[in-house]
Amino acid sequence: MAAASGKPRKPKSDPDAAWGNNPDGRPASTPRSTPKPPAKKTGTGRKRSSGGGGSKPPRSLGWFGSLLMWMIRLGILGAVILAASLVYLDSQMREQFEGRKWTLPARVYARPLQLYPGQLLSSEQLGAELQWTDYHPVGGSPRPGTFERVGDRWTIYRRDFVFWDGPEPAHRVELTLNGGRVDRLWVDGADQALVRLEPQYIGGIFPAHNEDRELVKLDQVPSELLGALVVTEDKDFFNHWGISLRGIARAMMANVEAGSFVQGGSTLTQQLVKNFYLSEERSLARKGREAMMAILMELHYSKGDILQSYINEVYLGQSGRRAIHGFALASRFYFGKPMSELDVGEMATLVGLVKGASYYNPKKHPQRAQERRDLVLTLMRDNGVITEDQYQQAIKRPLTTSDSKRAGQREYPAFLELVKAQLKEDYKQEDLENEGLNIFTTLDPWIQNSLEAAATAQLAALEKGRANLTDQLETAAVITSIDGGEVRALLGSRRPGYFGFNRAVNARRPIGSLAKPVVYLAALESGRFNWGSPLDDSPLRVEMPGAPVWTPQNYDRKSHGVVPMVDALAGSYNLSTARMGLRVGLDNVVAEFRSLGVTEDIKPYPSLLLGSLELSPLQVAAMYQPLAAQGFRMPMRTVEGVTTQQGQTLSSYAASGEQVVDPMNVAWLRYGLEQVVERGTARKLLTRLPGPLAGKTGTSDDQRDAWFAGFDNRHLGVIWVGRDDNQTMPFAGAGAALPIWMDTFAKAGVDPLPPQAQMVQVVVDAQGNQLGEGCIGTLYPFPPERVDGNAQPCRTTQDTESGLLEWLMRQVE
Amino acid sequence: MNRLTVTGAMLALALLVTGCAPAAVRTSSDSMVTRPSLPSPKPPLANDSYSRVDNTAQAVPATVVEPVQLEAPEVLPEWNDALLVSLDQGNHHPAIQSLLQKAEQSRQQQNWSATLTWLDQARQIQPRNADVLYRQGWVLAQTERYSEAEQLLQRARMFSTDNSLTARILLLRSDCLQHLGRDSEADSVRREAARLDPSLLIG
């Protein structure tokens with residue numbers, strides 16, 4: 001037997017030539033002959049004897065004869081039924097085996113990490129992204145999938161990968177980091193402008209059975225792994241015809257000795273048949289069908305075909321809802337590397353899983369898994385699959401698996417839901433579930449990771465010491481790139497890996513003061529207000545026919561008198577904002593919401609001005625996107641491109657959008673949002689982050705929802721914190737949501753907003769009137785077209801100063 | 001002199017009555033100076049190389065006996081493909097340059113989808129690079145996605161700090177506007193382009 005007598009040879013190109021066998025996969029020394037059909041001697045013998053008497057009438061045989069005749073008839077009938085069953089089973093088996101054996105779920109990837117000189121990139125981020133993409137630190141980075149760091153110099157042996165815009169070969173990438181940026185970059189020793197790492201796998205779009213696998217051909221499987229599989233599971237694989245009588249006898253003896261079912265006598269072929277066509281039912285009938293189909297399979301297909309199918313089919317573990325099938329995917333799942341990078345011990349561990357993927361799970365039961373690994377290693381050595389030296393090296397190594405928290409080990413259900421929603425416009429669900437498509441998305445794992453860490457820490461801090469709040473708080477968040485609308489991170493729950501209610505997309509909650517920037521934008525656009533316009537913050541009572549009297553209050557339950565408009569926004573004053581909004585007109589405010597892309601039903605009630613509108617965090621992000629992007633509204637985008645399993649591009653997507661608000665007015669509004677951070681309700685941000693930044697806190701009635709929406713020069717983030725039961729919380733937006741934003745941006749990197757050079761500084765008096773040159777008042781920014789050219793200049797500053805001096809002198813006298 | 005003047009006046013009156021007065025005698029307020037109308041929407045960009053100047057030159061009637069003082073016809077620049085010979089022209093950040101080269105290769109193969117993909121990668125590296133947005137707008141226009149192109153070019157114009165580039169962005173945008181049937185806006189944008197870069201009017 002090839003596997004037992006020596007180390008198997010790896011097949012070259014023809015999988016059927018595996019193990020140095022004939023094209024049918026058998027060793028050269030065991031030529032295959034056509035199996036003989038089962039003989040039916042009894043039936044044919046009786047026929048011959050009964051029908052061979054010439055014209056002489058048959059002699060009566062009595063009751064015994066009748067019984068015999070009936071038995072013959074039944075035998076013939078049974079043979080016909082058996083033949084029909086065989087034909088049926090044969091056709092069934094061939095149909096599936098020769099057609100597409102498996103449905104392949106779409107594989108979803110994060111964005112690739114682009115590397116170029118000048119790029120913002122910390123050592124921490126690069127190290128983390130390499131780890132998440134299953135790179136291993138090895139001195140000299142000798143093979144794809146390894147890296148080495150010496151100070152600020154990194155050498156990364158990037159794997160080959162088929163991106164959505166084409167395949168790229170493996171490269172040795174070297175780079176230096178300096179001051180948090182990429183300083184220089186070399187690829188294969190030559191200066192290079194741009195290179196990208198392959199993206200992380202972040203999940204799949206699975207059919208109902210949730211099977212996931214990565215298909216490989218036999219010649220891609222290490223020969224040691226094949227050898228380990230055969231010597232462990234089916235030593236006679238290359239000699240039997242689908243069933244092994246020796247194996248069955250061995251199993252029966254073991255079971256009799258144990259007094260229970262402890263060992264199966266199934267060959268690899270039978271196991272494959274069972275996995276492919278039959279249930280887990282333990283019955284003789286099922287076993288019979290399994291044996292027949294195994295024989296039929298061996299009749300039709302080569303050993304190489306069968307082995308290749310087995311390698312791809314076998315169940316090897318579970319990751320949440322995802323069933324891990326095949327050695328290729330199991331290799332990535334347990335060890336974070338492709339099969340070609342496995343060492344002998346890791347191969348043995350995977351083969352050990354065949355007996356019981358859950359029982360021998362190396363992540364959950366490392367001791368059991370190691371014992372099983374060692375047994376497989378021993379079999380490999382004893383059967384010549386590995387040498388004694390290899391065995392000694394492997395057996396001494398501890399069993400280590402990859403980190404369960406790394407990206408390839410988990411999924412991002414909230415983000416995936418959004419991906420599916422976008423793809424639904426162009427693809428059928430069954431294609432996504434079955435065709436093995438590759439989906440390249442916009443998810444930035446570094447930002448996602450930062451967001452998850454910040455949310456987890458912040459919710460724990462909020463609940464600390466408040467027993468009634470323990471595990472009651474929930475959160476949802478969206479982070480997008482402001483110039484492209486790409487969704488970079490999405491949190492649908494405080495448990496990021498949870499496949500449940502996606503609050504970021506589906507939870508519609510009152511947005512509170514996050515509505516105010518829209519009201520202020522409408523006011524600025526109206527031409528009747530500027531940031532210096534005085535607003536009355538005294539108590540307000542609005543009566544409307546058929547509706548209860550509306551009496552809003554400030555968060556601190558106080559009135560602030562007459563305040564400049566910018567103070568009203570910075571301090572998030574409700575009374576002054578409501579008065580201003582009513583002057584602007586509710587219809588105009590509704591129109592502003594519409595222009596910012598809100599498609600929900602918006603009732604023109606006064607409470608709209610203070611955020612009674614209910615939106616999801618994703619909808620809020622879409623609404624704020626034009627405010628961060630100079631009035632340019634872009635659809636939220638999660639997908640960059642889609643390729644077939646073979647890498648052929650099916651779709652690629654690029655940013656698009658439309659100018660929905662005058663950029664000057666948006667720039668004007670940004671001043672107010674910067675003041676919120678500079679000296680208003682979000683001033684806490686600048687205790688940790690460099691400004692300017694723009695943002696707005698929000699808290700709904702009775703503190704049921706805490707919000708923060710803010711942006712730097714690159715990203716917009718919207719954070720919500722609340723309770724699923726809609727109960728009140730002892731927090732406002734600044735206390736609950738803002739810290740998550742702050743921690744996320746502190747870790748992911750913040751890029752302060754650039755100055756708005758197009759704005760003109762104008763002196764404004766206490767009534768909000770623009771004053772001319774030399775006048776005393778407060779400076780506020782204005783768009784150039786809003787500057788009043790007729791404003792009368794006052795005396796020069798020098799005159800003013802001398803006038804003041806004269807006045808002081810007179811007072812002294 | 002007086003007699004001559006009277007005679008001349010009578011002759012002129014007679015000629016006027018008979019309708020034979022030369023045009024030069026008419027008062028200046030009578031002169032019918034009209035702005036030549038814009039030509040009909042131009043053919044696809046790939047074949048666009050004609051000049052508006054030639055067309056407007058023919059608007060002056062050739063049969064006038066004595067030249068009248070016509071108001072100068074408004075000559076507006078027009079988008080033509082010579083303004084963007086290749087997607088990788090110009091000086092850019094090396095990473096952007098590398099992506100623009102790939103985009104240009106895809107463009108030469110008429111693979112517009114791939115071209116857009118490369119350009120979008122460049123945009124993600126420098127999201128406010130007017131040069132990149134301009135090229136994205138151009139590709140969208142090539143694929144007759146004029147509305148998207150026009151919007152993207154508005155954004156490109158916002159970030160452009162170079163008059164020459166801004167003028168080209170405006171011309172391309174005007175071309176999109178014209179395809180969208182927004183002719184008066186297109187004219188207005190062309191005027192702005194001409195003001196920013198008068199050299200566009202030459203040739």
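Helix 3 of chain A is hardly covered, with two buried residues among its 37. The helix spans residues 62–98 of a predicted model. From its first C-alpha to its last, helix 3 of chain A reaches 53 Å, close to the 54 Å expected at 1.5 Å a residue.

**Chain A overall**

Chain A contains 26 helices and 33 strands. Of its 813 residues, 46% count as buried. Among contacts in chain A between residues at least 6 apart in sequence, 69% join residues at least 24 apart.

**Helix 8 and its surroundings**

Helix 8 of chain A (residues 284–300) has 17 residues and reaches 24 Å from its first C-alpha to its last, close to the expected 24 Å. The buried residues in helix 8 of chain A are Glu290(A), Met293(A), Ala294(A), Ile295(A), Leu296(A), Met297(A) and Glu298(A). These buried residues pack against helix 3, helix 7 and helix 9 (303–313) of chain A. Helix 3 of chain A, described above as hardly covered, is thus one of the packing partners of helix 8 of chain A.

The contact with helix 7 of chain A (residues 268–277) can be described in detail. The axes of helix 7 and helix 8 of chain A come within 9 Å and cross at roughly 110 degrees. Angles of 65 to 115 degrees count as roughly perpendicular, and the two helices of chain A are therefore roughly perpendicular to each other. On the side of helix 7 of chain A, the contact involves Thr269(A), Gln270(A), Val273(A), Lys274(A) and Tyr277(A). Helix 8 of chain A contributes Glu290(A), Ala291(A), Met293(A), Ala294(A), Met297(A) and Glu298(A). By class, this contact has six nonpolar, two polar and three charged residues. Residues three or four places apart in an α-helix point the same way, because the helix has 3.6 residues a turn.

**Sheets and strand pairing**

An open sheet of five strands in chain A has the order 18-17-31-30-29, with antiparallel pairing. Its edge strands are strand 18 (487–491) and strand 29 (694–699) of chain A, each of which pairs on one side only. Neighbouring strands of this sheet are turned by 5 degrees against each other on average, direction ignored.

A second open sheet of chain A consists of six strands in the order 3-4-5-8-9-10, and its pairing is mixed. Strand 3 (136–137) and strand 10 (190–191) of chain A stand at the edges with a single partner strand each, so one side of each is left without a neighbour in the sheet. Strand 3 of chain A pairs with strand 4 (residues 146–150) of chain A, and the bridge partner of Pro137(A) in strand 4 of chain A is Phe147(A).

Strand 1 (residues 106–109) of chain A pairs with both strand 12 (residues 201–205) and strand 16 (residues 438–441) of chain A. Arg107(A) has a bridge partner in each: Gly204(A) in strand 12 of chain A and Asn438(A) in strand 16 of chain A.

Strand 21 (residues 542–544) and strand 22 (residues 547–550) of chain A are also paired, and they form a hairpin with two residues between them. Gly546(A) in the turn has a positive phi of about 75 degrees. Val542(A) stands opposite Trp550(A) in strand 22 of chain A.

| Strand pair (chain A) | Sense | Bridges |
|---|---|---|
| Strand 21 and strand 22 | antiparallel | two bridges |
| Strand 1 and strand 12 | antiparallel | four bridges |
| Strand 1 and strand 16 | parallel | three bridges |
| Strand 3 and strand 4 | parallel | two bridges |

**An exposed loop residue**

Pro754(A) lies in the loop between helix 25 (738–748) and strand 32 (760–764) of chain A. This proline has 9 C-beta neighbours inside 10 Å and therefore counts as exposed. Its C-alpha atom is separated by 9.3 Å from that of Gly691(A), which is 63 residues apart from Pro754(A) along the chain.

**Contact with chain B**

In the interface, 19 residues of chain A are in contact with 23 residues of chain B. On the side of chain A, these residues divide into eight nonpolar, eight polar and three charged.

Definitions and conventions: Residues numbered from 1 in each chain as written. Chains lettered and ligands numbered in written order. Predicted model: local features only at pLDDT ≥ 70, side-chain atom pairs only at ≥ 80, totals over all residues. Pairing = 2+ DSSP bridges. Axes fitted to C-alpha atoms, helices over the stretch in contact; angles between N-to-C directions. Parallel < 35°, antiparallel > 145°, perpendicular 65-115°, else oblique. Contact = placed C-beta atoms within 7 Å. Nonpolar A, V, L, I, M, F, W, Y, C, P; charged D, E, K, R; others polar. Buried ≥ 20, exposed ≤ 12 C-beta atoms within 10 Å, placed from the backbone. Expected span 1.5 Å × (residues − 1).
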